[in-house]
Amino acid sequence: MIGPSIDPAEVGVTGLLWLFLSYGFALYQGANLISEGSELLLLVPSLAGLVGGVVLPLLGAVPDGAIILFSGLGSIEEAQETLSVGVGALVGSTIMLL
(Lines give C-alpha, C1' and ligand atoms only; values in the text may rest on other atoms or scores of the structure.)
Protein backbone atom coordinates (compact mmCIF):
# COMPACT_ATOMS: atom_id res chain seq x y z
CA MET A 1 0.00 0.00 0.00
CA ILE A 2 1.38 3.40 -1.00
CA GLY A 3 0.58 6.46 1.06
CA PRO A 4 -1.85 6.96 3.92
CA SER A 5 -5.08 5.21 3.04
CA ILE A 6 -7.63 2.93 4.64
CA ASP A 7 -8.02 -0.62 3.43
CA PRO A 8 -11.76 -1.35 3.12
CA ALA A 9 -11.20 -4.97 4.13
CA GLU A 10 -9.78 -3.82 7.48
CA VAL A 11 -12.67 -1.57 8.54
CA GLY A 12 -15.64 -3.50 7.15
CA VAL A 13 -19.00 -2.15 6.04
CA THR A 14 -19.74 -0.42 9.35
CA GLY A 15 -16.38 1.33 9.33
CA LEU A 16 -16.85 2.47 5.75
CA LEU A 17 -20.30 3.81 6.60
CA TRP A 18 -18.84 5.69 9.58
CA LEU A 19 -16.07 7.16 7.41
CA PHE A 20 -18.61 8.18 4.77
CA LEU A 21 -20.88 9.89 7.30
CA SER A 22 -18.08 11.64 9.18
CA TYR A 23 -16.48 12.90 5.95
CA GLY A 24 -19.87 14.12 4.70
CA PHE A 25 -20.48 15.91 8.00
CA ALA A 26 -17.06 17.60 7.83
CA LEU A 27 -17.77 18.76 4.26
CA TYR A 28 -21.22 20.01 5.27
CA GLN A 29 -19.83 22.01 8.20
CA GLY A 30 -17.03 23.44 6.05
CA ALA A 31 -19.49 24.53 3.36
CA ASN A 32 -21.64 26.25 5.97
CA LEU A 33 -18.65 28.08 7.43
CA ILE A 34 -17.53 29.26 4.00
CA SER A 35 -21.05 30.44 3.17
CA GLU A 36 -21.43 32.36 6.43
CA GLY A 37 -17.97 33.89 6.08
CA SER A 38 -18.61 35.09 2.54
CA GLU A 39 -21.88 36.69 3.62
CA LEU A 40 -20.08 38.46 6.46
CA LEU A 41 -17.41 39.74 4.07
CA LEU A 42 -20.10 41.26 1.86
CA LEU A 43 -21.51 43.22 4.82
CA VAL A 44 -18.52 45.60 4.83
CA PRO A 45 -19.71 48.34 2.43
CA SER A 46 -16.27 49.67 1.52
CA LEU A 47 -15.01 46.22 0.58
CA ALA A 48 -18.18 44.72 -0.94
CA GLY A 49 -17.11 45.36 -4.54
CA LEU A 50 -13.63 43.98 -4.00
CA VAL A 51 -14.86 40.97 -2.06
CA GLY A 52 -17.65 40.09 -4.48
CA GLY A 53 -15.58 40.69 -7.60
CA VAL A 54 -12.14 39.41 -6.63
CA VAL A 55 -11.89 37.61 -3.29
CA LEU A 56 -14.83 35.19 -3.53
CA PRO A 57 -14.06 34.00 -7.08
CA LEU A 58 -10.42 33.60 -6.09
CA LEU A 59 -11.38 31.53 -3.05
CA GLY A 60 -13.57 29.41 -5.30
CA ALA A 61 -10.68 28.74 -7.68
CA VAL A 62 -8.11 27.82 -5.02
CA PRO A 63 -9.49 24.29 -4.34
CA ASP A 64 -9.61 23.59 -8.09
CA GLY A 65 -6.00 24.63 -8.46
CA ALA A 66 -5.01 22.54 -5.45
CA ILE A 67 -6.66 19.45 -6.99
CA ILE A 68 -4.69 19.92 -10.19
CA LEU A 69 -1.44 20.74 -8.36
CA PHE A 70 -1.50 17.75 -6.03
CA SER A 71 -2.69 15.43 -8.79
CA GLY A 72 0.46 16.18 -10.76
CA LEU A 73 2.97 15.36 -8.02
CA GLY A 74 5.18 12.29 -8.29
CA SER A 75 7.00 10.59 -11.13
CA ILE A 76 6.09 11.42 -14.73
CA GLU A 77 4.21 8.17 -15.38
CA GLU A 78 2.35 8.37 -12.09
CA ALA A 79 1.61 12.08 -12.55
CA GLN A 80 0.11 11.58 -16.00
CA GLU A 81 -2.39 9.06 -14.70
CA THR A 82 -3.30 10.93 -11.52
CA LEU A 83 -3.51 14.25 -13.33
CA SER A 84 -6.09 12.84 -15.71
CA VAL A 85 -8.12 11.68 -12.70
CA GLY A 86 -7.80 15.12 -11.06
CA VAL A 87 -8.81 16.95 -14.22
CA GLY A 88 -11.70 14.51 -14.70
CA ALA A 89 -12.92 15.20 -11.16
CA LEU A 90 -12.64 18.94 -11.73
CA VAL A 91 -14.55 18.76 -15.02
CA GLY A 92 -17.21 16.56 -13.44
CA SER A 93 -17.73 18.94 -10.52
CA THR A 94 -17.92 21.92 -12.89
CA ILE A 95 -20.53 20.19 -15.03
CA MET A 96 -22.56 19.31 -11.93
CA LEU A 97 -22.54 23.00 -10.93
CA LEU A 98 -23.92 23.99 -14.31
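In the predicted model, a nonpolar surface patch covers about 460 Å². Five residues make this patch: Ile 6, Val 11, Leu 16, Trp 18 and Leu 19. Trp 18 is placed in helix 1. The relative accessibility of Trp 18 is 59%. Exposed residues are those over 50%, so Trp 18 counts as exposed.

Phe 20 also belongs to helix 1. Its relative accessibility reaches 61%. Phe 20 is therefore classed as exposed. The C-alpha atom of Phe 20 is separated from that of Leu 42 by 33 Å. Along the chain, these two residues are 22 residues apart.

Gln 29 is a further residue of helix 1. Here the relative accessible area is 32%. Partly exposed residues fall between the buried limit of 20% and the exposed limit of 50%, so Gln 29 is partly exposed. Gln 29 and Leu 17 lie 12 residues apart in sequence. Their C-alpha atoms are 18 Å apart in space.

Helix 1 spans residues 8-42, and helix 2 spans residues 48-71. The axes of the two helices come within 8 Å. They cross at roughly 145 degrees. On the side of helix 1, the contact is made by Ser 38, Leu 41 and Leu 42. Helix 2 contributes Ala 48, Val 51, Gly 52 and Leu 56. Five of the contact residues are nonpolar and two are polar. No charged residue takes part in this contact of helix 1 with helix 2. Leu 42, a contact residue of helix 1, is the residue whose C-alpha atom lies 33 Å from that of Phe 20.

Helix 3 comprises residues 76-97 and includes Gln 80. The relative accessibility of Gln 80 is 55%. This value is over the 50% limit, so Gln 80 counts as exposed. Gln 80 and Pro 57 are 23 residues apart along the chain. A distance of 28 Å separates their C-alpha atoms.

Terms used. Residues numbered from 1 in each chain as written. Predicted model: local features only at pLDDT ≥ 70, side-chain atom pairs only at ≥ 80, totals over all residues. Heavy atoms only, no water. Axes fitted to C-alpha atoms, helices over the stretch in contact; angles between N-to-C directions. Helix = DSSP H or I, 4+ residues; strand = E, 2+ residues; numbered from the N terminus. Contact = heavy atoms within 4.5 Å. Nonpolar A, V, L, I, M, F, W, Y, C, P; charged D, E, K, R; others polar. Patch = residues over 30% accessible without salt bridge, like charges linked within 9 Å, V, L, I, M, F, W, Y side chains within 5 Å. Areas by Shrake-Rupley, 256 points an atom, 1.4 Å probe, with all protein chains shown as cover. Salt bridge = Lys/Arg side-chain N within 4 Å of Asp/Glu carboxyl O. Buried < 20%, exposed > 50% of the residue type's maximum accessible area, 1.4 Å probe, protein only.
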